[in-house]
Amino acid sequence: MQSVPHFINGEHITQSGQLPVHNPATGEVTSMVPVPDATFVDDALRVAQEAARSWRESSLSERTNILFTLRHLLVKHASELASIITSEHGKTLSDAHGELARGLENVEYACGLTEHLKGGFTDQVAQGVDVHSFREPVGVVAAITPFNFPIMVPLWMSANALATGNVVVLKPSERDPSVSIRLAELLLEAGLPKGVFNVVHGNATTVNQLLEHPGIDAISFVGSTPVARHVYEVGTAHAKRVQALGGAKNHMVVLPDADLDIAADAAVNAGFGAAGERCMAISVVVAVGSIADELIAKITDRMDKLKVGPGDDPASDFGPVITQEHRDRIVEYVSSATKDGVDVVRDGTALAKDAGFFVGPCLLDGVRPGVKSYDDEIFGPVLGVARVRTYADAVELINANRYGNGTAIFTRDGNVARLFSRDVHVGMIGINVPIPVPVSSYSFGGWKNSLFGHSHIYGPEGFTFYSRAKVITTRWPQPSDSQIDLGFPTTR
Ligand code: NAD
């Protein structure tokens, strides 16, 4: 069985693979991923540290040119990249193109690095004294990424990290690792020097080696909440700067004045797109007042027309989930809902397939705090409906939830929408937009258990995270200025 190579110092390095990569649409094992030992990781990080010494000296125009060329190459190879993603992740080809498009935005944003890295200068802060500041790269960045966006999340991190002069060591998800190797090849083709972007495969053991390793200066992590918390705690205990984005449970509030057809479209698109395996997927529709029955009827009308099938079939609305174990976990959540007295309005768990990790769309009516199908992130094509009496009840439900990644409100009332955006304790909010992923000139990040660390990812906060400030105070004294004065300056 073919093993997915590492990519270190511009070379593919093949080791025998230990972990299977599947085609989720067929269930077949298509390749294996290696789990390197500590010596291998040490050697890779030595290469990264060496490359960091010269890359930090690269000119801003050299970095800009490389990023522009990368953008061109990503567009040129879009179809190839999308099909690699679909073959290992299972999402539809159009969804794979969509994630690439969002990743590209980050490369485009990073191309403006000369503007983003501009420092400041203040003349004459005291007589004959000036102050200026600039930002330097942090050093070597570990980028640890989840399975659900195998090219977008690596681009969220690496575009800005490389633009600010850092070296990247990417540890991609072991479930769909191949597209990260193609990204590394394209970066090399774009002119990035060898050793500046490296891919080290592996699992939790590998991540733990990176978290503790003195050769890593900063960690960007995206994945599930328990791992995000662990990465943050261990990384910061080893004196690294860490941003660790976690899981989600995103609520979509529908007020009685909303256009229920538009709201039902949004709930279905955002609940079932990519089989619900998006961190910004809607997982709970909060129906306010007496609209719940009508809204549910409109949602089920739409659900019943969805086609679940292989991601490379243009007729499929969504594809399989990532693994057999994950499919089983989703099935378990739906049966737990029945036991908890939640009404299973549509049950897609019986979807008959000879092979592949498919689950059909499921709708649970009456989810509420205290039941597993509400409390946990299911990360599958399972949409819950929570019924509440008032707008205030909806806000209370959202604010009591331990996650705070994204939320949305559907209404025609601009004032209530404005209040909502101020009332909820959530990082990203949509007003009549169910998946409010910020454009690349804003940063992306949730609150509460959806983000550990204070820094959001990509955009302006990404530039700040991957660089540190130096402030220089300058005086050019003349011989007549000579004096002994041990005091703290009192004059200005
Ligand atoms: P995951 O946490 O299982 O894995 C993420 C990374 O961590 C992988 O590279 C994996 O190898 C590594 N890892 C797994 N277990 C580990 C452990 N015990 N110790 C150290 N490292 C470990 O996440 P996933 O299943 O690949 O991705 C889905 C999750 O990611 C969902 O919870 C989803 O909400 C979240 N996600 C969040 C965002 C966001 O922006 N907040 C974006 C995408 C995905």
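Predicted model: local features only at pLDDT ≥ 70, side-chain atom pairs only at ≥ 80, totals over all residues.
Residues are numbered from 1 along each chain as its sequence is written, and side-chain values use heavy atoms, with hydrogens and water left out.

Polar contacts are pairs of N or O atoms within 3.5 Å; within protein, one atom must be able to donate a hydrogen and the other to accept it, and residues adjacent in sequence count only if both atoms are side-chain atoms. A polar side-chain atom of Ser224 lies 2.6 Å from an oxygen atom of the ligand, and a polar backbone atom of Thr145 is 2.8 Å from an oxygen atom of the ligand. At Gly246, a polar backbone atom is 2.8 Å from a nitrogen atom of the ligand. On its own the ligand has 840 Å² of accessible area, of which the protein covers 88%; such areas come from the Shrake-Rupley method with a 1.4 Å probe, and for residues only the protein chains shown count as cover.

The protein chain is divided into domain 1 (6-246 + 450-472) and domain 2 (250-431), with bounds that come from an automatic or database domain assignment. The centres of the two domains, taken over C-alpha atoms, are separated by 31 Å. The contact between them, where contact means heavy atoms within 4.5 Å, takes 20 residues from domain 1 and 23 residues from domain 2.

Helices (H or I, at least four residues) and strands (E, at least two) are DSSP runs, numbered from the N terminus. Residues are called buried under 20% relative accessible area, exposed over 50%, and partly exposed in between, with a 1.4 Å probe and protein chains only. In helix 15 (residues 414-423), the buried residues are Val416, Ala417 and Phe420. These residues lie on the same side of helix 15 because they cover an arc of only 100 degrees around the axis, the arc being that of the directions from the helix axis to the C-beta atoms. Gly414, Asn415 and Arg422, on the other side of helix 15, are exposed. The buried residues pack against strand 12 (250-254), helix 14 (391-400), strand 18 (406-410) and strand 19 (428-431). The N-terminal end of helix 15 is capped by Asp413, a side-chain oxygen of which lies 2.9 Å from the backbone nitrogen of Asn415.

In helix 8 (residues 204-212), Thr206, Val207, Gln209, Leu210 and Leu211 are buried, and their cover includes helix 1 (38-55), strand 7 (140-144), strand 8 (167-171), strand 10 (218-222) and helix 9. At the start of helix 8, a side-chain oxygen of Asn203 reaches to within 3.1 Å of the backbone nitrogen of Thr205. Helix 9 (residues 225-237) contains Pro226, which counts as exposed at 58% relative accessibility.

The loop between helix 11 (292-303) and helix 12 (324-339) holds Ser316, and Lys305 also has its place in the loop between these helices. Ser316 is buried, with a relative accessible area of 8%, whereas Lys305 is exposed, with a relative accessible area of 67%. A polar atom of the Ser316 side chain lies 2.8 Å from the backbone oxygen of Pro310. Leaving aside neighbours within four places in sequence, Ser316 is in contact with Thr92, Lys307, Gly309 and Pro310.
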